[in-house]
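Subject: Structure for your review

Dear colleague,

Please find below the sequence and structure that I am handing over to you. My findings follow directly after them.

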Amino acid sequence: MGTRAIKSIILTVLTLPIAMNLFAQQDPPHFFMAPDYDGIKQVIADPDSEFYYPRLMERMKQYDTTLTVADYRALYYGYRYQPGFSQFSMPEQDRELLKYYNNSYLPKRKYDEIIKLIEQALEKDPFYIRGLNFLGYVLHMKGEEPQALKTADRFNKVVQAILSSGDGKTPETSFHVIHAGHEYVVMNFLRKQYGNRKSSRIDKGMCDCFGQGRDQICFYVSYEQTGAF
């Protein structure tokens, strides 16, 4: 069986409960709430808050599976306010990893190299979610199942946090992402097509809608000045 087929099977096994829950709630629409960016900025800076950012980030980096989707909403949308955050750049390792993402076969001798590259990328950008998803797959293939499951949990909860921000059906109810590249990761997760992108400015950000009619899926990226606390 080819690597792409195996990837598809693993992705389905690891994410099926989430995907089924989401689609089961699409009609009527599932509950969602757009991020309150000002509120998030305030609560993650408060040392007395359960969402204090340094503590949450350390737990996420340790692959703490007890973190909730609410925690991940604070982590994901709060990352906009951290030093070094960029909405327009990718970790330098992404370029080297592309050859593996696009390869239909991964030799076992390359597993450790791939894991190292992704871990380096995640140190620079803990929401490099394309790499995070692939890391779970490579760990599974290497036989490191406990860590693969923890990695899948982290990836899945990031995606759940994004899916909790809207229903993606209209520009007004777009899924909120902090990086345009995350749009494609979410569409892959939902098995959506990329065609017919239409972009428009909304408030202090950009909305990208793909497809049309019932198949349309929309994302919103806020370009409001972030700054670090």
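Which residues of the largest nonpolar core touch the most other members? They are L75, F127, F134 and I162, in a core of 57 residues. A nonpolar core here is a set of buried Ala, Val, Leu, Ile, Met, Phe, Trp, Tyr and Cys residues joined through side-chain atoms within 4.5 Å. Buried means under 20% relative accessible area, exposed means over 50%, and partly exposed lies in between, with a 1.4 Å probe and protein chains only.

Please note that this is a predicted model, in which local features need pLDDT of at least 70 and side-chain atom pairs count only at pLDDT 80 or more, while totals for chains, interfaces and linings use all residues. Residues are numbered from 1 along each chain as its sequence is written, and side-chain values use heavy atoms, with hydrogens and water left out.

Overall organisation

The chain comprises nine helices and four strands. Helices (H or I, at least four residues) and strands (E, at least two) are DSSP runs, numbered from the N terminus. Read from that terminus, the order of elements is α-α-α-α-α-α-α-α-β-α-β-β-β. Of the 229 residues of the chain, 47% count as buried. Among the contacts (heavy atoms within 4.5 Å) with a separation of 6 or more, 63% are between residues 24 or more positions apart.

Helix α6

Helix α6 has 14 residues and spans 20 Å from its first C-alpha to its last, close to the 20 Å expected at 1.5 Å a residue; the expected span is 1.5 Å times one less than the number of residues. Its buried residues are Y111, I114, I115, L117, I118, A121 and L122. Seen down the axis of α6, these residues fall within an arc of 165 degrees, so they line one face of the helix. The arc is that of the directions from the helix axis to the C-beta atoms. Elements that cover the buried residues of α6 include α5, α7 (129–142) and α8. On the face turned away from the buried side, α6 carries the exposed residues K116 and E123.

Salt bridges

Seven salt bridges were counted, a salt bridge being a side-chain nitrogen of Lys or Arg within 4 Å of a carboxyl oxygen of Asp or Glu. One of them joins K124 to E92, with the closest N and O atoms 3.3 Å apart. K124 lies in α6 (residues 111–124) and E92 in the loop between α4 (69–78) and α5 (93–101), so this pair ties together parts that are 32 residues apart in sequence. K124 is partly exposed at a relative accessible area of 46%, whereas E92 is exposed at 59%.

A second pair consists of E144 and K142, whose side chains meet at 3.2 Å, N to O. E144 is partly exposed, with a relative accessible area of 31%, and K142 is likewise partly exposed, at 35%. D112, K142 and E144 are linked in a network of salt bridges.

K157 and D153 form another salt bridge, the closest N and O atoms being 3.3 Å apart. Both residues lie in helix α8 (residues 145–163), four residues apart, or about one turn of the helix. K157 counts as buried, at 12% relative accessibility.

Cysteines

A search of the whole structure finds one disulfide, defined as a pair of cysteine sulfur atoms within 2.5 Å. The disulfide is formed by C209 and C218, with their sulfur atoms 2.1 Å apart. The torsion about this S-S bond is about 110 degrees, so the disulfide is right-handed. C209 and C218 are both buried. C207 counts as buried too, at 0% relative accessibility. The closest cysteine sulfur to that of C207 is in C209, at 3.7 Å, which is too far for a bond.

Backbone angles

Most residues other than glycine have a negative phi. Two residues deserve mention here.

- R191 has a positive phi, near 60 degrees. R191 lies in the loop between α9 (181–189) and β2 (198–202) and is partly exposed, at 44% relative accessibility.
- D203 has a positive phi of about 55 degrees. D203 is in the loop between β2 and β3 (205–210) and is exposed, at 75% relative accessibility.

With kind regards
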